Amino acid sequence: MDCIFCKIIAGQIPGDKVYEDEKVFAFRDINPQAPVHVLIVPKKHMRNILECDEETAAAVLRAVKAIAAAEGVSVSGFRVVTNCGRDGAQSVEHLHFHLLGGDKLSETMA
């Protein structure tokens, strides 16, 4: 498989890891859109949220809580976003969630 996120999870490509458990790997985005911009990625390859199972969804939510607390944004607020498909602006076909925070975010999503 030629998936960049799978390679980061496997340690074949470096990533600035901020969290890992048996189901999820999280690392800093190389092109941050906010002071805190972490990608939360299931270790099991799935193309997008339409392939996500309940166990993976629960693991991602646990990771969101832990990362938000560790990054100091759980009190001030943050945003979690996932893109799905070409029209949804998904750039890597491996399910991933963006955790963004550390500053006042725009009210618009476009």
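Predicted model: local features only at pLDDT ≥ 70, side-chain atom pairs only at ≥ 80, totals over all residues.
Partly exposed describes a residue with a relative accessible area between the buried limit of under 20% and the exposed limit of over 50%.

**View 1. The largest pocket and its lining.** Let's start with the open space: the largest pocket holds about 660 Å³. Its lining has 30 residues, and Asp29, Gln33, His37, Leu39 and His98 are the closest to the centre. Two or more lining residues come from each of helix H1 (4-9) and strands E2 (24-28), E3 (36-42), E4 (78-81) and E5 (97-101). H1 gives the largest share, with 3 residues. Sorted by class, the lining has 16 nonpolar, 10 polar and 4 charged residues.

**View 2. The largest nonpolar core.** Next, have a look at the 17 residues that make up this core. Val24, Val38, Ile40, Ile67 and Leu99 touch the most other members. Elements giving two or more residues to the core are E2, E3, E5 and helix H2 (54-70), and H2 provides the largest share, 6 residues. In soluble globular proteins, nonpolar side chains tend to be buried together.

**View 3. Around Ile40.** Which residues is Ile40 in contact with, leaving aside its neighbours within four places in sequence? They are Val24, Phe25, Ala26, Val60, Ala63, Val64, Ile67, Leu95, His96, Phe97 and Leu99.

View 4. A search of the whole structure finds 0 disulfides. Cys3 counts as buried because its relative accessibility is 7%. Cys84 is in no disulfide either, and its nearest cysteine sulfur, that of Cys52, is 11 Å away. With 31% relative accessibility, Cys84 counts as partly exposed, as this value falls between the 20% and 50% limits.

**View 5. Val92 in its loop.** Finally, follow the loop between E4 and E5 to find Val92. Is Val92 buried or exposed? Val92 counts as buried, because its relative accessibility is 17% and the limit for buried is under 20%. Leaving aside neighbours within four places in sequence, Val92 is in contact with Ile4 and Phe5. Val92 and Arg47 are 45 residues apart in sequence, with a C-alpha to C-alpha distance of 8.3 Å in space.

Conventions:
Residues numbered from 1 in each chain as written. Heavy atoms only, no water. 1 Å grid on protein atoms, 1.4 Å probe; cavity = no way out; pocket = protein on both sides within 12 Å on 5 of 7 lines; lining within 4 Å. Points joined across faces, edges and corners; volume = space filled by probe spheres on them. Helix = DSSP H or I, 4+ residues; strand = E, 2+ residues; numbered from the N terminus. Nonpolar A, V, L, I, M, F, W, Y, C, P; charged D, E, K, R; others polar. Core = buried A, V, L, I, M, F, W, Y, C linked by side-chain atoms within 4.5 Å. Buried < 20%, exposed > 50% of the residue type's maximum accessible area, 1.4 Å probe, protein only. Contact = heavy atoms within 4.5 Å. Disulfide = S-S within 2.5 Å.
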